[in-house]
Amino acid sequence: MKLLILALLPLLASSLTTPFKAELKKTAEQLIRPGYGLLACDESTGTVGARLEGIGVENTYENRATWRELLFTTPNLNKHISGCILFEETLFQDGAVSGKPHVTVLNENGIVPGIKVDMGLKPLIGGGPGETWCSGLDGLFERATDYYKQGARFAKWRTAVRIDTAQGLPTNLAVEEAAHGLARYARICQEAGLVPIVEPEVLIDGTHSMEETAKVQERFITLVYQKMEASGCYLEGTLLKPSMTVSGVDCPNKPKPAEIAQMTVQTLQRCIPPAMPGVTFLSGGISEEDASIYLNEINKIDRKGPWALTFSFSRAQQSSCIKVWGGKKENVEAAQKQLLARTQANSEASKGAYVPGSQPSDEESLYVKDYVY
C-alpha cells in the first residue's frame, strides 16, 4: 500500500538550493517596491527597427544604440522605474553618444538591468490554427550565466495563447506547452541568479468577451503555478507579467475600466500564490492612457492578495516618446520629458493615485495584429 501511495504522488523537482536564493528575493522586492515599475525595452532588432523606420530613422546598430541611450539617460527616470528589460544586443551595447555601456548607465542610476531570454514564438505543430510555442530552453542556463556576468539580475520569457471559441482555442496542448516552458525557464534562470519574470500572455486578437478572457487566463495562470511548483521554483524570487483581463480588440461590447479592474483582480486572486511578491502587467497593445487608467482602477480595489500590482510597459511608455524625438538631436530633451511623464503616470497608477489626462499621452491604439517582439 505504501508503494502504491508513493507511486501516485506527483514527482516534484528538488527545491531550489542555489547560493543566489537570498539575492533573488531581494531583487524581486526591489523591482516592485511601492511606486515603481519596469520599462520594457526588449524588442528584437527587427521590431525596434520598424519603430525607428516609422519615424524616418534607418534601422542601424548606431541608431538603435542612440534610441536606447535616450531612454536610459532620461533625467529622474529612477524616480519611477526600478528595472529595464533589455534585448541581448542592448545588454552588451554602449551608448552611441556617451560611449558608456547601457548597463553601467542603468546601474549608476539604481535601475536594475534585465534581459529577455526567450527566442520567440514558433508554430505549434499539432495545435490549433495560429497557435504557437515559445523557443529558447536549449542552452538557456549557459546564456543566463553569461547575462548575469554582464550585469543582468532578472529575466523575462513571454509566451502567448489566443482565444477563438469557434475554433476551440486555446487548445489544451497550447496551454500545457506554454505553462511547461515558463516553469522550466523560471527554474533555469533562478539557478543562474536571475529573477524570472513569468509572462503568460492572453492575446487581445479576436472578438472574445472579458469573461472569456478571464476563464482562459485563470486556467492558464493556475497551470503555470502548478508547473512551477513541480519544477521546484522559489516563488519569492519570481514575478508575474500577465495581461490585464480585457475583452478582445474586436469585441462589440467593451467593458468599462472599473469592470476590467474588478475582473482582473478577481482572476488573479483565484490563481496566484501569496508567496509570489508582485505582478508587473504588460500593456499588450492598449494605448498609453488606457494602460495607466486600467492600472489605476486595479489599484483602487480592495484585494486579498498581498502582491504588488504594477507595470512593465513597452509601447505604452515609449510610443509618444519616440514620436516626439523623431530621430532629431534637438528633440532629445522633449522626448525624455515625454517618457518621464508616462512613467510618472504609471507610478501614480500603481498606487491608485493617477488623475486621468493629467500627463500627456499618445491616445492612438497600440494594437498590432499578431504582434511579435
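Is F313 buried or exposed? F313 is buried, at a relative accessible area of 0%. Here buried means under 20% relative accessible area, exposed means over 50%, and partly exposed lies in between (1.4 Å probe, protein chains only).

This is a predicted model, where local features need pLDDT of at least 70, side-chain atom pairs count only at pLDDT 80 or more, and totals for chains, interfaces and linings use all residues. Residues are numbered from 1 along each chain as its sequence is written, and side-chain values use heavy atoms, with hydrogens and water left out.

**Aromatic rings**

F313 has a ring partner, F311. Rings of Phe, Tyr and Trp (its six-membered ring) pair if their centres lie within 6.5 Å; planes under 30 degrees apart count as stacked, over 60 as edge-to-face and the rest as tilted. The structure has 5 aromatic pairs by this rule. One of them is W67 with W325: the centres are 5.5 Å apart and the planes stand at 15°, so this pair is stacked. The two residues are 258 apart in the chain, with W67 in helix α4 (residues 61-72) and W325 in helix α12 (residues 315-325). Both W67 and W325 are buried. For F311 and F313, the centres are 5.8 Å apart and the planes meet at 45°, so that pair is tilted. F311 is buried too, with a relative accessible area of 0%.

Rings also meet charges. A charge sits over a ring if NZ of Lys or CZ of Arg is within 6 Å of the ring centre and within 35 degrees of the ring normal. K21 lies over the face of Y234, 4.8 Å from the ring centre. R153 places its charged end over the ring of Y148, 3.7 Å from the centre.

**Salt bridges**

Side chains of opposite charge can pair when their charged atoms come close. A salt bridge is a side-chain nitrogen of Lys or Arg within 4 Å of a carboxyl oxygen of Asp or Glu. The whole structure holds 16 salt bridges.

| Salt bridge | Closest N and O atoms |
|---|---|
| K156 with E199 | 3.2 Å |
| K227 with E176 | 3.0 Å |
| R342 with E289 | 3.2 Å |

Helices and strands are DSSP runs, numbered from the N terminus (helices: H or I, at least four residues; strands: E, at least two). K227 is in helix α9 (residues 210-230) and E176 in helix α8, 51 residues apart. K227 is partly exposed, at 24% relative accessible area. E176 is also partly exposed, at 36%. R342 sits in helix α13 (residues 332-349) and E289 in helix α11 (residues 288-298), 53 residues apart. Both R342 and E289 are buried.

K156 is buried at 0% relative accessible area, and E199 is buried at 0% as well. D42, K156 and E199 are linked in a network of salt bridges.

**Helix α8**

Helix α8 covers residues 172-191, 20 residues in total. Its first and last C-alpha lie 29 Å apart, close to the 28 Å expected. The expected span is 1.5 Å times one less than the number of residues. After α8 comes G193, with a positive phi near 95°.

**Cysteines**

How many disulfides are there? The count is 0. A disulfide is a pair of cysteine sulfur atoms within 2.5 Å. The sulfur of C84 has its closest cysteine sulfur in C41, 4.9 Å away, which is too far for a bond. C84 is buried, at 0% relative accessibility. C251 is buried at 7%.
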